[in-house]
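Good morning, and thank you for making time for this presentation. Please keep the sequence and the coordinates in view while I speak.

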Amino acid sequence: MNSYDQLYINGQWVAPVKGGTFDTIDPSSETVLARVAAATAEDVDLAVKAARAAFDEGPWPQMSGAARAQVLRKIAQGIRDRQQELAELEVRDNGKPLPEALWDIGDTAGCFDFYAGLAEGLDSHQEKTVALSDDRFTSIARKEPVGVAGAIIPWNFPMLMAAWKVAPALAAGCSIVLKPSEITPLTALELARIADAAGLPAGVLNVLPGFGADAGAAIAAHRGIDKLAFTGSVPTGSRIMQAAARDIKNISLELGGKSPLIIFADSDIEAAVEWIMFGIFWNQGQVCSATSRVLVQRGLYEPLLQRLRQEAKKVSIGNGLEEGVLLGPLVNKGQYEKVVSAISRGRDEGARLVYGGERPAGLDKGFYLQPTIFADVAEESWIWREEIFGPVVCVRAFDDEADALRSANDSPFGLAAAVMSRDLERAERVARKLRAGIVWVNCSQPTFTEAPWGGYKQSGIGRELGEWGLNNYLETKQITRYDSDQPWGWYIK
């Protein structure tokens with residue numbers, strides 16, 4: 001493996017000012033994978049100054065969208081050239097199965113390609129003439145990059161979440177200070193190597209692994225940053241929002257979820273079971289949009305639970321690099337203990353444990369956990385209302401459409417939701433009444449770079465992906481010109 005004991009600042013690999021490092025752990029074996037540089041406030045200050053100079057004085061924001069697109073496509077190709085290697089690194093750092101990691105890395109490259117196309121589109125759509133009521137004036141609305149972006153990303157999709165922020169920011173012409181999670185920092189550092197090889201100017205991308213209290217808080221508070229973009233937990237998002245408020249920073253937040261999946265009795269039971277499992281066991285359930293609250297119409301309730309249990313028992317668990325594994329370890333010891341505690345709490349609250357909840361036999365090392373199914377979960381219970389962020393699904397019955405909608409929408413979160421029914425008119429009607437930023441019909445969790453991503457309520461502010469992701473990193477400027485030869489007339493001497 002490459003060495004990871006340096007930070008990437010201003011196009012150079014440099015040691016942290018205070019020389020600190022930390023270990024990143026392979027969750028399949030609980031052994032040290034790499035020693036990683038730990039950024040602190042001093043390093044953040046250097047990176048912000050480099051990003052500031054790159055934006056204020058450098059060529060990147062002044063280049064045409066087409067020229068920026070060339071670099072973005074080189075980054076995409078650099079990722080594809082190393083897809084297998086990067087996916088294996090992601091498995092070792094995060095724990096997810098290799099097929100999922102390969103999918104993620106492919107999507108990462110696709111994200112850079114997509115925003116290369118939008119960067120080219122800026123050349124013809126950067127300015128728009130505004131029709132005015134007074135023909136003595138001409139006005140345009142102009143899109144310009146917001147400036148220096150501070151991006152803080154989570155550990156569940158390490159390289160893909162970096163791309164969701166870095167690609168649109170680069171397309172817009174911004175410079176960036178990126179802090180990957182200290183739990184899974186390695187592929188973000190590899191992204192820096194790929195961007196450097198693609199010819200990205202120095203200072204445009206800076207990558208600072210480190211802890212939230214040191215590097216993350218310093219990024220959120222730094223006055224040289226114009227825009228903050230964060231994906232993670234609600235408590236941390238709240239603190240970042242407070243820090244941003246001091247300087248009235250532009251901000252976008254993608255936070256937690258407790259997403260419902262409504263299954264009507266006319267649904268195909270095999271399709272329903274497959275989408276439940278994909279919606280909660282993909283990436284070990286460590287997905288902010290995971291459909292972890294499943295509402296099943298009473299006539300289908302017990303038959304579906306029986307089929308779900310049968311299929312959950314078949315899920316292969318193990319090291320994500322082993323062929324056929326569908327469920328890898330949780331990302332680290334802390335997350336494992338949180339999920340185990342949540343399962344214990346579910347038992348104490350009286351929910352019926354249909355399957356799972358234990359360490360798999362024969363896997364004594366690593367943060368492994370069986371897929372877990374709770375039934376008859378009370379609406380007021382902790383496991384029904386709070387995000388567990390693990391392979392734990394909570395199921396309860398409902399009687400009619402109104403009951404299902406009431407229960408689904410009774411949550412402080414509103415990131416995602418899903419509905420299944422053969423009656424497409426009903427499914428579409430329910431989809432429009434669900435209070436969530438992303439709603440799936442007869443499926444759960446498909447994600448497309450072209451479509452907006454973000455939530456209602458405590459699930460966040462703003463939207464990523466698609467044209468909405470690019471707009472996160474653009475400001476709109478009005479330029480109005482007086483064209484008449486006649487005096488304006490307010491004051492004539």
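Predicted model: local features only at pLDDT ≥ 70, side-chain atom pairs only at ≥ 80, totals over all residues.

Strand 3 and strand 4, the latter covering residues 31-37, run antiparallel to each other and are joined by six bridges. Four residues separate the two strands in this hairpin, and Glu30 adopts a positive phi near 65° there.

Which residues of strand 3 lie on the covered face, and which on the uncovered one? Strand 3 spans residues 21-26; Phe22, Thr24 and Asp26 form the covered face, while Thr21, Asp23 and Ile25 form the uncovered face. As a general rule, side chains in a regular strand alternate between the two faces of the sheet.

I turn next to helix 9. Helix 9 comprises 13 residues, 269-281, and extends 18 Å from first C-alpha to last, close to the 18 Å expected at 1.5 Å a residue. Its buried residues are Ala272, Val273, Ile276, Met277, Gly279, Ile280 and Phe281. These residues lie on the same side of helix 9, because the arc they cover around the axis is only 165°. In general, an α-helix has 3.6 residues a turn, so residues three or four places apart point the same way.

Finally, the surface. Trp488, Trp490 and Tyr491 make a nonpolar surface patch of about 520 Å². Tyr491 is found in the segment after strand 22, which covers residues 474-482. Is Tyr491 buried or exposed? Tyr491 counts as exposed because its relative accessibility is 60%, and the cut-off for exposed is over 50%.

Key. Residues numbered from 1 in each chain as written. Heavy atoms only, no water. Patch = residues over 30% accessible without salt bridge, like charges linked within 9 Å, V, L, I, M, F, W, Y side chains within 5 Å. Areas by Shrake-Rupley, 256 points an atom, 1.4 Å probe, with all protein chains shown as cover. Salt bridge = Lys/Arg side-chain N within 4 Å of Asp/Glu carboxyl O. Buried < 20%, exposed > 50% of the residue type's maximum accessible area, 1.4 Å probe, protein only. Pairing = 2+ DSSP bridges. Expected span 1.5 Å × (residues − 1). Arc of directions from axis to C-beta.
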